[in-house]
Amino acid sequence: EYGPDVAFSKELIRQLNIEKFVVWMPKMNRKDIMVGLFFSDIVCDTFAIGYTMGGVIAEAIIAHKPLLSYIKNEFLSENGFKNLNAKNVEEIVDNIENYMTHKSYYQEIINNNYRLLQSQRDEALKYIIGLIESKGK
């Protein structure tokens, strides 16, 4: 329960009439937040910016959960990750309903996101190892 959009988020949750499904957590360490993500159905990020690639995306992927957020399509196609893309109340509701009724369909998307993250991690590690090895010569 922190950040610049808490009041906006609470109002949106009220408008969506989903208060009974939302648990607000106090500000806490990321390691503690990860525990909650593993028990969630959906991980939410920002619905306004459109060009974000922060920690929440990676955390959702690691937890094998769908990410519900707004990311501009051109940004998504550049990095290959797929999310439940929503920018307004109607799109948020549609995505939640669609995911909850078609979880098996989305599981393959979630698995592909995880494989892509692993691949990018492996590429980064190879690059770092190469840098370290070149310094030792």
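Predicted model: local features only at pLDDT ≥ 70, side-chain atom pairs only at ≥ 80, totals over all residues.
**Entry 1: aromatic rings**

Rings of Phe, Tyr and Trp (its six-membered ring) pair if their centres lie within 6.5 Å, and planes over 60 degrees apart count as edge-to-face.

The number of aromatic pairs comes to two. I looked up the pair of Tyr105 and Tyr106: the ring centres are 4.9 Å apart and the planes make an angle of 85°. This pair is edge-to-face, because 85° is over the 60 degrees that the class asks for.

Are the two partners buried or exposed? I got one of each: Tyr105 is exposed, at 54% relative accessibility, while Tyr106 is buried, at 10%.

**Entry 2: the overall layout**

Next I stepped back to see the whole chain. I counted six helices and three strands. Read from the N terminus, their order is α-α-β-α-β-α-β-α-α. The C-alpha atoms fill a box of roughly 60 × 35 × 25 Å along the principal axes. The protein has 137 residues, and 30% of them count as buried.

**Entry 3: salt bridges**

Side chains of opposite charge can pair when their charged atoms come close. How many salt bridges does the structure hold? The count is five, and I took notes on some of them.

I began in helix 1, residues 6–16. Here Arg14 and Glu11 form a salt bridge through their side chains, with 2.5 Å from N to O. They stand three residues apart in that helix, about one turn. Both count as partly exposed: Arg14 has a relative accessible area of 46%, and Glu11 has 32%.

Then I turned to Lys103 and Asp41, whose side chains meet in a salt bridge at 3.5 Å, N to O.

Asp122 has a relative accessibility of 34%, so I filed it as partly exposed. Arg121 gets that label as well, with 43%.

**Entry 4: the largest pocket**

On to the pockets. I read off a volume of about 1,800 Å³ for the largest one. Its lining takes in 44 residues, and those nearest the centre are Val22, Val23, Trp24, Val43 and Cys44. Helix 1, helix 2, strand 1, helix 3 (55–62) and helix 5 (89–101) each give two or more residues to this lining.

Which element supplies the largest share of the lining? I found that helix 1 does, with six residues. I then sorted the lining by residue type, which gave 30 nonpolar, six polar and eight charged residues.

The charged end of Lys10 sits over the Trp24 ring, 5.2 Å from the ring centre. That distance meets the cut-off, because NZ of Lys has to be within 6 Å of the ring centre.

**Entry 5: backbone angles**

Last, I went looking for positive phi values outside glycine. Asn17 has one, at about 60°. I placed Asn17 in the loop between helix 1 and helix 2. Asn17 is exposed, with 58% relative accessibility.

His64 has a positive phi as well, at about 55°, and it is not a glycine either. I located His64 in the loop between helix 3 and strand 2 (67–69). How accessible is His64? I noted a relative accessible area of 32%, so His64 is partly exposed. Asn17 at 58% falls in the exposed class, because that class begins over 50%.

Definitions and conventions: Residues numbered from 1 in each chain as written. Heavy atoms only, no water. Salt bridge = Lys/Arg side-chain N within 4 Å of Asp/Glu carboxyl O. Helix = DSSP H or I, 4+ residues; strand = E, 2+ residues; numbered from the N terminus. Buried < 20%, exposed > 50% of the residue type's maximum accessible area, 1.4 Å probe, protein only. 1 Å grid on protein atoms, 1.4 Å probe; cavity = no way out; pocket = protein on both sides within 12 Å on 5 of 7 lines; lining within 4 Å. Points joined across faces, edges and corners; volume = space filled by probe spheres on them. Nonpolar A, V, L, I, M, F, W, Y, C, P; charged D, E, K, R; others polar. Phe/Tyr/Trp six-rings, centres within 6.5 Å; stacked < 30°, edge-to-face > 60°. Lys NZ or Arg CZ within 6 Å of the ring centre and 35° of its normal.
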